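Me: I've got this one open and want a quick run through it. Can we go topic by topic?

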Amino acid sequence: MHEWALAEGVVSTATRIAEEKGLERVTEVKVNIGELQQIEEDIFRFALDQLRTPLLKDAEFVFETTPGRLRCRVCGEEWSFSPGGLSEDVSEAIHFVPEMAHVYLKCPGCGSPDFEVKEGRGVYLASIKGIVRDD
Amino acid sequence: MTDPRLEIIGRRLEKVEGIIAVSSGKGGVGKSVVASALALSLRDKGHSVGLLDLDFTSPSTHVILGVEDLYPEEEYGIVPPLAHGMRYMSITYYSLDRPAPLRGADVSDAIIELLAITRWEELDYLVIDMPPGIGDATLDTIRLVEGIRFIVVTTPSKVAYETVRKQITLLRELEVPILGVVENMVMKATSYIREQVEAERAVYLGAVEYDAELEDTIGDVGALRKTQFYRTISGLSKKVS
């Protein structure tokens, strides 16, 4: 149900931006979902749908997914985040707070926990499209 | 790309009446035990209280309060469980007893995540055990938590107070209200810290004597309540509530 909290943020942010830009209707909200957060897209889409504001009532929610890419700060190794091999507890911890990756994951090259998440951390509002008010 | 989490942090905290950040410019001055005892004493006075441990690299309030086997409920976000009658939130629900080797920007991101997803109910007070120092984590918490007010903890040491003085200056520059300074672990009564604090035109909340019994109460809230340390903090809490 963590998806509801993020959906609330997306709807609220998109609505504010639409108001600031003078849109009378939003037609598309594009959301970038980082793989590390392991969002359940069905729940997320349902939550977005339920939380729609009047400005977003006809908006299409478009998801784009960014794969998780990690880079070791010690040896420079780069690798892809792979949720498949994680235990349920670890997966859930990273789902709630993606920085928990640093607690449970290690560089496959040298074993260091000192790595950066280059791409695919969390949920971001990528863009919105809509129709501008005539006035 | 816009971060949607920033939009909802204020909403998550809107039912909280007073937000008290217990902080220190320097580690090892007893900030976490002061925060824990302050939260507990406000609860014991009949207030509704939450305690949020934002010291992600060295979380310790769960050890001080003996919080075990709790986990937040998921309900349109996450709801902190009750610990000793307080809503209690800590990163340790997710990091367990493992080290969290987070760099500054990662700590900030984790703080933003936790503030965005944690649903606080109506509370008279939310006490925050702050990250030590004046780095990213502290600056982000100040930026994101509207209405936050600070208690700064020092020891009688001039070394500790020098960092506290810088913290007071920073808080002033950021226009963040300072409730006052607590002088912790006092072994010999002197007026040095009081004079320094008053020279800064800040409030000296009081001295907390070093309590040799305190260590034996770690993890046992019942025993903590019987200490001189707890009684002193309970007295100080009247000044900030």
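Me: How many Å separate the centres of domain 1 and domain 2 of chain A?
Reply: 27 Å, taken over C-alpha atoms. The bounds come from an automatic or database domain assignment. It gives domain 1 as 1-67 + 120-135 and domain 2 as 68-119.

Me: What should I know about the model and the numbering?
Reply: This is a predicted model: local features need pLDDT of at least 70, side-chain atom pairs count only at pLDDT 80 or more, and totals for chains, interfaces and linings use all residues. Residues are numbered from 1 along each chain as its sequence is written, with chains lettered from A and ligands numbered from 1 in the order in which they are written.

Me: Back to those domains. How many residues does each give to the contact?
Reply: Eleven from domain 1 of chain A and 13 from domain 2 of chain A. Two residues are in contact if their C-beta atoms, placed from the backbone, lie within 7 Å.

Me: What classes are on the domain 1 side?
Reply: The side of domain 1 of chain A that touches domain 2 of chain A has two nonpolar, seven polar and two charged residues. Here Ala, Val, Leu, Ile, Met, Phe, Trp, Tyr, Cys and Pro count as nonpolar, Asp, Glu, Lys and Arg as charged, and the others, Gly among them, as polar.

Me: Chain A overall. What elements does it have?
Reply: Four helices and six strands. From the N terminus the order is α-β-α-β-β-β-α-α-β-β. These are DSSP runs numbered from the N terminus: helices are H or I with at least four residues, strands are E with at least two.

Me: And its dimensions?
Reply: The C-alpha trace of chain A spans about 60 × 25 × 15 Å along its principal axes.

Me: What share of chain A counts as buried?
Reply: 42% of its 135 residues. Buried means 20 or more other C-beta atoms within 10 Å of the residue's own, exposed means 12 or fewer, and partly exposed is in between, with C-beta atoms placed from the backbone.

Me: Which strands make the open sheet of three in chain A?
Reply: The order is β4-β3-β5, with antiparallel pairing. The edge strands are β4 (78-80) and β5 (115-119) of chain A, each pairing on one side only. Strands pair if DSSP finds at least two bridges between them.

Me: How many bridges join β3 to β4 there?
Reply: Three, between β3 (residues 69-72) of chain A and β4(A). In that pair, Arg71(A) stands opposite Glu78(A).

Me: Switching to the interface. How many residues of each chain are in contact?
Reply: 26 of chain B with 25 of chain A. On the chain B side, α4 (92-95) and α5 (104-117) are the elements that give two or more residues. α5(B) gives the most, with seven. By class, the chain B side has 14 nonpolar, three polar and nine charged residues.

Me: Which way does β1(B) run against β7(B)?
Reply: Parallel, with six bridges. Ala21(B) has Ile128(B) as its bridge partner in β7(B). β1(B) also pairs in the parallel sense with β8 (residues 148-154) of chain B, over five bridges. There, Ile20(B) has Arg149(B) as its bridge partner.

Me: Where does Tyr125(B) lie?
Reply: In strand β7 (residues 123-129) of chain B. Tyr125(B) is buried, with 23 other C-beta atoms within 10 Å.

Me: Last one. How many residues are in the largest nonpolar core?
Reply: 117. Those with the most contacts inside the core are Val10(A), Val22(B), Val127(B) and Ile128(B). A nonpolar core is a set of buried Ala, Val, Leu, Ile, Met, Phe, Trp, Tyr and Cys residues joined through C-beta atoms within 7 Å.
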